[in-house]
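Please keep the sequence and the model in view while reading.

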Amino acid sequence: MTPEEFRAHGKRVVDWIADYLTRIESYPVRSPSRPGEVRAALPAHPPEHGEPFDSVLADLEHTVMPGVTHWQHPSFFAYFPCSSSGPGILGDLLSAGLGVQGMVWATSPACTELETVVVDWLAELLGLPAGFRTDSAGGGVIQDSASSASLVALLAALHRASGGKIATEGITGRYTVYVSSQTHSSLEKAGRIAGIGSNNVRVVEVDPDTLAMDPAHLRALIGADVAEGAVPAMVCATVGTTSTTAIDPVAALGEVCREFGAWLHVDAAYAGVAAVCPELRWINDGVAGYADSYVTNPHKWLLTNFDCTVLWLADRAPMIDALAILPEYLRNSATESGEVIDYRDWQIPLGRRFRALKLWSVLRWYGAEGLREHIRHGVALAAELAGLVRADEDFVLLEHHPLGLVCFRPCWPGLSETDAGAATMAVLERLNDSGELYLSHTKVRGEMWLRLAIGGPATEREHVLDAWSAIRRFTRAVRDERS
């Protein structure tokens with residue numbers, strides 16, 4: 001494809017994306033495709049000869065689009081938002097156009113240095129500790145996801161807990177990680193990948209009302225494990241759990257970590273970006289002075305298209321010592337000088353994309369004021385919906401909803417909990433099958449709850465009210481069938 005051909009087709013692609021975003025409400029939110037349908041509609045073998053780009057766009061429209069679930073649809077409420085925005089898309093396009101592989105500073109200085117500036121900007125906007133800045137002993141780095149970021153943090157924690165031995169000798173003793181029943185599953189997965197094993201990922205009890213991790217039980221678990229010869233490597237505190245946005249008591253957990261020398265990792269993948277609003281910075285109480293690492297996802301609620309996660313560390317040395325390997329072909333004078341950051345030592349893979357461009361584009365386009373407006377809009381819509389649920393005698397609200405997620409369930413008088421859960425799932429399936437909106441569910445204290453997550457850039461009050469109307473309508477239909 002010549003530059004001129006690229007120019008012509010590129011304009012068509014940008015127009016197609018703009019048209020898609022304009023007409024997105026005409027699609028069913030969740031794809032109606034059945035398993036295997038998209039594959040069956042595609043050729044079984046690759047083309048022998050090149051095809052015109054017109055054919056690619058035609059197949060995109062007729063074959064691919066029916067199998068797409070529309071995450072940017074204003075009635076997509078199923079999971080936490082995976083925000084996409086114009087400046088983010090354009091930043092991604094610029095990154096793809098430059099084709100930079102920023103594994104070390106020398107392979108493209110701007111790729112590294114722009115990233116250091118952007119993650120420092122974001123730390124400032126969120127009110128995070130000064131020690132997380134890249135011009136301190138700590139620093140930030142853009143990862144693909146919170147799962148990868150948490151794995152990196154765990155490897156750093158293991159390196160510190162072993163006195164550096166794990167990097168050379170491997171895991172020769174028992175190391176433990178502490179999570180709650182509400183912690184994201186990626187932490188157990190990280191434990192498996194790191195060689196700790198699921199049995200050593202210990203589950204701490206939660207407060208039955210707030211679902212926040214219990215510091216007293218954490219202390220008891222660690223004490224018992226230490227008495228049996230285990231080394232507590234990491235505790236994961238969550239700020240905004242996936243299930244209900246519960247918030248763990250970071251400071252109290254930090255005190256326990258300090259007592260036993262464990263690494264405190266704060267997983268704020270969803271909620272962390274809300275701290276761009278000063279009135280919401282309470283969610284990060286305890287991070288300063290206690291957190292060894294902190295992760296949040298601009299690609300969830302901060303208008304930066306997937307993938308873009310930022311991991312900060314209070315001290316980057318354990319991470320670099322755990323991950324740094326310098327083959328001869330990567331040696332260069334800048335690295336040898338010690339004056340630059342080589343982000344290859346801050347992540348699992350060697351290669352890395354120029355992700356900073358899209359976050360930079362978003363921060364510059366919206367500014368702090370625009371980002372705060374977006375977060376506040378989502379919080380206000382969630383609060384209004386929570387009020388509607390609370391006032392409706394046919395529904396029960398899970399009262400913990402300080403951010404953009406509202407959890408609730410229909411009342412099913414006379415039904416056992418098993419039957420009530422089945423009825424709630426029947427409502428959910430009908431809602432999602434309708435194409436009008438897309439919700440997800442969770443289990444809390446053995447009960448089935450519906451989750452409605454607000455925060456997409458196109459979601460307005462009318463979409464939330466329409467969703468509530470549909471939920472009530474489908475609930476009545478299921479109730480009538482069971483009566």
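Strand 4 (residues 231-238) and strand 5 (residues 263-267) pair in the parallel sense over five bridges; two strands are said to pair if DSSP finds at least two bridges between them. Val235 has Leu264, in strand 5, as its bridge partner. The model is a predicted one, in which local features need pLDDT of at least 70 and side-chain atom pairs count only at pLDDT 80 or more, whereas totals for chains, interfaces and linings use all residues. Residues are numbered from 1 along each chain as its sequence is written, and side-chain values use heavy atoms, with hydrogens and water left out. Helices (H or I, at least four residues) and strands (E, at least two) are DSSP runs, numbered from the N terminus.

An open sheet of seven strands runs in the order 1-7-6-5-4-2-3, with mixed pairing. Its edges are strand 1 and strand 3 (201-204), each of which pairs on one side only. On average, neighbouring strands of this sheet are turned by 20° against each other, direction ignored. Axes here are lines fitted to C-alpha atoms, for helices over the stretch in contact (heavy atoms within 4.5 Å), and angles run from 0 to 180 degrees between N-to-C directions. Helix 6 (residues 146-161) lies across strands 1, 2, 4, 5, 6 and 7, running at about 150° to strand 4.

Helix 14 has 36 residues, but its end C-alpha atoms are only 44 Å apart, short of the 52 Å that a straight helix would reach; the expected span is 1.5 Å times one less than the number of residues. This helix bends by about 90° at Gly367, the bend being the angle between axes fitted to the seven residues ending there and the seven starting there.

Side chains of opposite charge can pair when their charged atoms come close. The count comes to 28 salt bridges, each a side-chain nitrogen of Lys or Arg within 4 Å of a carboxyl oxygen of Asp or Glu. In one of them, Lys358 meets Asp307, with the closest N and O atoms 3.8 Å apart. Lys358 lies in helix 14 and Asp307 in the loop between helix 11 (298-301) and strand 7 (309-313), so the pair ties together parts that are 51 residues apart in sequence. Lys358 counts as buried at 0% relative accessibility, and Asp307 is buried at 11%; buried means under 20% relative accessible area, exposed over 50%, and partly exposed in between (1.4 Å probe, protein chains only).
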